[in-house]
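Open the model in your viewer and keep the selection panel at hand. We will go from one stop to the next, selecting residues and looking at what surrounds them.

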Amino acid sequence: MPDKIQKICLSTTVGGKEISIQTGTLAKQAGGAVTTHLGGTVLMTTSTCAKSPKNLPFMPMTVEYRERTYAAGKIPGGFFKRETRPKDKDVLFARMTDRPIRPLFPKAWRNETMIYSLLLSMDGINDAGPLSILGASASLLLSDAPMNTAVAGVRIGRYAESKEWVLFPTFEERESLDVEMIVAGKSDAILMVEGGADQVGEDVLLEAMNKAHEAIKELCDLQLKLVEEAKKNGRVIVKMTCEEAEVPELVKNYVLDTARPKVREQLRKGYKDKFELHHHLKEISDAILEDVVKKGETDEAWAGLDKHVWEIIYGLEGEEGRNLIMEEDKRHDGRALDEIRPIHIELGLLPMAHGSATFTRGETQALGVATLGTPGDMQINDDLEGDWKDRFLLHYNFPGFSVGEVKPERGPGRREIGHGTLAKRAMIPLLPDEEDFPYTMRVVSEILESNGSSSMATVSAASLSLFDAGVPLKASCAGVAMGLISQDGKFKVLTDIAGLEDHVGDMDFKVAGTRKGVTAIQMDMKVDGLPISILEKSMEQARVGRLHILEIMEKAIEKPREELSDNAPRLMRLSIPSDKIGALIGPGGKNIRRIQEEYDVNIDVDDDGSVFVGGVDAAGVAQAKAEIEGITAEAEVGKIYKGRVVSCVEFGAFVEIMPGKEGLLHISQIDVKRVEKVTDVLEEGQEIEVKCLEVSKEGKIRLSRKAVISPGSENEGGGPGGRDSRGGPRTGHRASRDRGPRRESSRR
């Protein structure tokens, strides 16, 4: 890059927050590089393209988002003091960056493209996620990639109390929101939506999109100004071009003329089984392929053209599927445009699980399995903005057999993380309050069959399995995936899209929620943007579809089961003074280990004194709870306790009135009559009732058995502050026997 290129920095104010983009100083060998700034949060994004294309049937673009702990002045925790695999948050931000950018590239683009966002500075106030979309777009505009449209993303939220909207909310502000979304788009259309809400109406989400789009326009203008400034300062931007590989007209015309009527006929038969449709389309393809091969054997003009046959028929399948919808309002599986596939639900099919359900919709089947645990099972998250614990986990698995493929399992990929997070977002507003239901909850969704909308099937399966487990959710939750076919200015909205419609359609719009409102939303465009008016129709059609699914779910199980599964742990919660935590744990954890082993329970202790006791045996949990209360309880003056004599000494006896808590029963307080020798009345291990007379500042407890035998007699006769049993003043001998407290101290 020439030396004369200087740092260029432009900024704008959006929603009261100043956002700036800077270029010309960092990563100058990348195709395009910028840093985006929001407060003290700085994200660097680079875009680089390979100079030659690859022979691939898809666009080879990779988007990465990474956070370094140095951005927040931290050193990585754990054994390895360096960053390793990306966290789920990194994957989600990378996906959200990829989705609005990818549709804007030419369909013929086959050059490897890499977009890389690196968090350089985190102020602990402002989130860097939405800046990745802004940075990706700006760096691409400055590079030689064939993208000339500015794209921006904003996070928008609404305060639950005031109902006011806020753009780019801080971490603290996000705690008070009932709607939160990331919206991406260009100046004239929305490209992507991702977010959640606390059961709000569709009109609220549309309002959020409109407000977000106004900010998007400003950020798009800022990028275009940045590019112009870069050019003025000597930056030469030459965009690469690409051309769609031409299929020879000879084979193209032959295949289209031969296959079109046959493909059209098969699509109009309304096959419910996707493999049956694929079988018939393959028969058509194989027959034409055989003809083309034979032609190539006798005619040199046809030689080698057989390689184009499947590609042509594949495109024809999508074209005719779209025509069927636009011209006849029918779909390839025979459904009406707003019709949802048949739904079947089965509950409690796994005998040892805490809750289980299968949700089958057409050829998509999700097995939801709910497991309850104690607070010690919570997921610990170490993020730059701070450590936190997650009490609700939802994991989505998509094995190869679900689509009839052979695929080894290599751990969760981007699809699994993204779909699982979407379903989790839908459920979070419906979880019971932690005070009322302190369990850790985990749902695993195993996709056993898939033909579209598996993430929305996961929402329903999760809701059903949690109901089956007895988790008191606030409401049932269901989701539906919407599609769009647009052509010549007209459009058709599809409810509950299948795999083929997802592939050939122009939109994948997922909405999840309850009867009351929406809890999660995700939209991806495959065309060049979408007007708000189409979104409005899509959301209304989705609402009707969601209510239909909820009605079927509620027939299967209307509300959570009254009792938890016998296999689920019983969990009790109690609070102890924080200064008693040490007493509960004991030296080296001795006390807490003994209780856990004796009663077969798990005990979790928080720093604020919250104690959770969990175990499968309810009686054992109750016994452990009682013992913890005894260890940590304070003796109450005036209360009568049933205690056990621990030891007898010359001046009295030590009596355990609660587990691990002893008091002194002075010889003068053993009986209403004079006691010459402690062992004349008491013996070790004997159970007696005693009254607490006093608890000193040091925690020493003074007890009386006499007060239980004859109430009000504790201040008569011997003992501190009283008279001897004969009614006279204490003698020196008696006073010498009253040195109990001092001897107790030495005994301790």
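Select Arg-335 and Glu-501 to begin: both are buried, where buried means under 20% relative accessible area, exposed over 50% and partly exposed in between, with a 1.4 Å probe and protein chains only. They form a salt bridge, with the closest N and O atoms 3.7 Å apart; the term stands for a side-chain nitrogen of Lys or Arg within 4 Å of a carboxyl oxygen of Asp or Glu. The pair links distant parts of the chain, 166 residues apart: Arg-335 sits in the loop between α7 and β11 (343-347), and Glu-501 in helix α10. Helices (H or I, at least four residues) and strands (E, at least two) are DSSP runs, numbered from the N terminus.

Before moving on, two notes on the model. It is a predicted one, in which local features need pLDDT of at least 70 and side-chain atom pairs count only at pLDDT 80 or more, while totals for chains, interfaces and linings use all residues. Residues are numbered from 1 along each chain as its sequence is written, and side-chain values use heavy atoms, with hydrogens and water left out.

Next, select Asp-496 and Arg-341, whose side chains meet in a salt bridge (2.9 Å, N to O). Asp-496 is in the loop between β19 (490-495) and α10, Arg-341 is in the loop between α7 and β11, and 155 residues separate the two. Asp-496 is buried at 0% relative accessibility, and Arg-341 is buried at 6%.

Arg-99 is buried at 12% relative accessible area, and Glu-194 is buried at 7%.

Go to Arg-155 in strand β7 (residues 152-159). Is Arg-155 buried or exposed? At 7% relative accessibility, Arg-155 is buried. Its side chain makes a polar contact of 2.8 Å with that of Glu-180. Here a polar contact is a pair of N or O atoms within 3.5 Å; within protein, one must be able to donate a hydrogen and the other to accept it, and residues adjacent in sequence count only if both atoms are side-chain atoms. Beyond its neighbours within four places in sequence, Arg-155 is in contact (heavy atoms within 4.5 Å) with residues including Phe-93, Asp-127, Phe-168 and Arg-174.

Now show helix α5 (residues 249-267), which has 19 residues and spans 25 Å from first to last C-alpha, close to the 27 Å expected at 1.5 Å a residue; the expected span is 1.5 Å times one less than the number of residues. Look for a kink of about 40° at Ala-259, shortly before Pro-261; the bend is the angle between axes fitted to the seven residues ending there and the seven starting there. Among the buried residues of α5 are Val-251, Val-255, Ala-259 and Val-263. The buried residues of α5 pack against α6 (274-298), α7 (309-328) and α10 (499-504).

Finish with the cysteines. The whole structure has 0 disulfides, meaning pairs of cysteine sulfur atoms within 2.5 Å. From Cys-49, the nearest cysteine sulfur is that of Cys-242, 11 Å away.
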